[in-house]
Amino acid sequence: MPAETGDRRQHGDGTGDLDGRAETAAADSGVPVTERGQASPEGDRAEPRQRHPYDPRAWALWQRPKRFIAFLFALEAIGIAIMVVATMNSTNPGRIDWVRFAILAVGATAHIQLTQRQEERRRDRSRTVLIDLTAVWTFPAAVILPLSLTLSIIALVRIQHWFIARRPAHNFVFSSVTHGVSVTLASLTFAAFGPHEWGRISGWSTLGEFGVLIITGMVFEAVQIAYIGGILAIGSPKRPSLSTVLGNTADNLLEAITIGLGAVTAVLLLIMPPMVVVMAVVTVVFNRLAEIDQLQNDARTDPKTGVLNMRGWSESADRALGRTARSDDNLALLMIDLDHFKWINDTYGHPAGDDVLRDVAQKLDEVTRPADVIGRFGGEEFLVLLPDIDETAAKLAAERVRSAIAELHIVTTDKRGSRVTIAGRTTSIGAALFPRHGDSLEELLHAADAAVYVAKENGRNQVRFAQDLDRPAPPPVAEG
């Protein structure tokens, strides 16, 4: 899970290349943004005294808890020791190794330089994890090159990313170590199943080599997860979620595809080296597709909470409602309104209110089903669409949401920057059922909104269902 800060998962580019916005988001949320394989150990806090950014004394790292600093240095020391010992016991490069090294180096450089603008934009938009696509070049190096040349590929990639990301030096070092350890252990894993003579294998024996590549890729990814996930978990002042530490489904799928492309590059380099030129083109196109996917996701996502915004929610909800109508199933809509939310902003400040919204959104994700559609309606209101559910189950789901929010203990800061915990917050929930309370999404929204007002007027902290619609009776059937 190669990633960097602000670019949390960056294959081949670990912790050192945090996006600016990623760092800001990390600081705002209390969670350091990282790139898998590259974590942002410091968040985004500024040193009170003005020093040169490369001066170690100016690093915001020193403002973090001592256990965090100790954990960070321990990981780096272990990683460096692993790389040194493994390199001392590795084979010396031969002539063909240098040729392959040159091909991978040229390919990686072309990829990085041709996609520099796209990478800068992706990093600026990343809030937690940024998948680094250079694993297309670093993973094959781990598979086919002696370790000394493999680490040289990592160094080449990292140096070029330093000028693109322009992030704090200690972030860069941690990310670089993470990527170095990942390729080192991947290389040792692949070698343990050797010798590998791909030019002579055929038939069923190719399945064995395919399995070895899968295992090697899993090791490559697992090291990134351990390093980046560990530093994120211990560095977060709040309880980290799986998506915060490991990234979402789209992040992991993109990373798996990138490692797969790296395996293809390795095969081509051994069997038909000139075809690696094709991979260079593929990686440039893939990089741009990844940026487009990120743009589309940003257009549908609420930046404050990470759930769908109204546009994204409406699109997903319309599709779910269409499926429900065609299959003659039931569906429920919950409108969730946080009680006295203005009091939180007035008492603790708007940053504290933002923390409450984020924690509520995360709790909604935890207590709902994967098929449920969660979105932010606006202000302090959220929407949850519950497909394939009857009235009894919808009541249970709504009560589960209400009690889960009431049990939240949200760690944040007040207007003076002092640490506070907000607890005991309640919510009023309005529920509407399809088709009982409406045949369209608009009708369901109006019905649920009216039910919220009923809950508010009756004391808040409760669930109310919408009133049944007064539908006109069907006209009598004329007798022939």
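Modeller: The reply begins with the cavities and then turns to some loops, aromatic rings and annotated spans.

The model is predicted, so local features are reported only at pLDDT of at least 70 and side-chain atom pairs only at pLDDT 80 or more, while totals for chains, interfaces and linings use all residues. Residues are numbered from 1 along each chain as its sequence is written, and side-chain values rest on heavy atoms, without hydrogens or water.

A cavity is a set of points, on a 1 Å grid over the protein atoms alone, where a 1.4 Å probe fits but cannot get out; lining residues have an atom within 4 Å of such a point. Grid points are joined across faces, edges and corners, and the volume is the space filled by probe spheres set on them. Two cavities of 30 Å³ or more are present in the structure.

The largest cavity holds about 60 Å³ of space. Its lining includes L338, D339, F341 and I344, as well as R425 and T426. At least two lining residues come from each of α13 (341-348) and α14 (350-367). Here helices (H or I, at least four residues) and strands (E, at least two) are DSSP runs, numbered from the N terminus. By residue type, the lining of the largest cavity comprises eight nonpolar, one polar and two charged residues. In this scheme Ala, Val, Leu, Ile, Met, Phe, Trp, Tyr, Cys and Pro are nonpolar, Asp, Glu, Lys and Arg are charged, and the others, Gly among them, are polar.

The second largest cavity has a volume of about 40 Å³. Among its lining residues are H111, I112, T115, E119 and N287. Helices α3 (95-114) and α6 (147-165) each contribute at least two residues to this lining. The lining of the second largest cavity divides into three nonpolar, five polar and two charged residues.

Some loops deserve attention as well. Most residues other than glycine have a negative phi, and most peptide bonds are trans. H340, in the loop between β1 (331-338) and α13, has a positive phi of about 50° although it is not a glycine. With a relative accessibility of 47%, H340 counts as partly exposed; buried means under 20% relative accessible area, exposed over 50%, and partly exposed in between, with a 1.4 Å probe and protein chains only. R460 has a positive phi too, of about 65°, and is not a glycine either. This residue is placed in the loop between α16 and β7 (463-465), and R460 is partly exposed at 31%. A cis peptide bond, with omega of about 5°, joins F434 and P435, and P435 belongs to the loop between β6 (427-434) and α16 (441-457).

G306 lies in the loop between α11 and α12 (310-327) and, at 55% relative accessibility, counts as exposed. Its C-alpha atom is separated by 7.6 Å from that of A361, although the two residues are 55 residues apart along the chain.

Contacts between aromatic rings come next. A pair of aromatic rings is described by the distance of the centres and the angle of the planes. Rings of Phe, Tyr and Trp (its six-membered ring) pair if their centres lie within 6.5 Å; planes under 30 degrees apart are stacked, over 60 edge-to-face, and the rest tilted. Because F174 lies in helix α7 (residues 169-192) and Y227 in helix α8 (residues 205-235), the pair ties together parts that are 53 residues apart in sequence. Both F174 and Y227 are buried. W343 and Y348 form an edge-to-face pair, 5.8 Å centre to centre with 90° between the planes. W343 is partly exposed, at 42% relative accessibility.

Finally, the UniProt annotation "transmembrane region", from an unreviewed entry, covers several spans, including residues 68-86 and 135-157. Such annotations, given in the numbering used here with shortened feature names, may be inferred rather than shown by experiment. Residues 68-86 are 100% helix and 0% strand, with end C-alpha atoms 27 Å apart. Residues 135-157 are 91% helix and 0% strand, and their end C-alpha atoms are 10 Å apart.

Methods. On a 1 Å grid over the protein atoms alone, a cavity is a set of points where a 1.4 Å probe fits but cannot get out, and a pocket is an open set with protein on both sides within 12 Å along at least five of seven lines; lining residues have an atom within 4 Å of a point.
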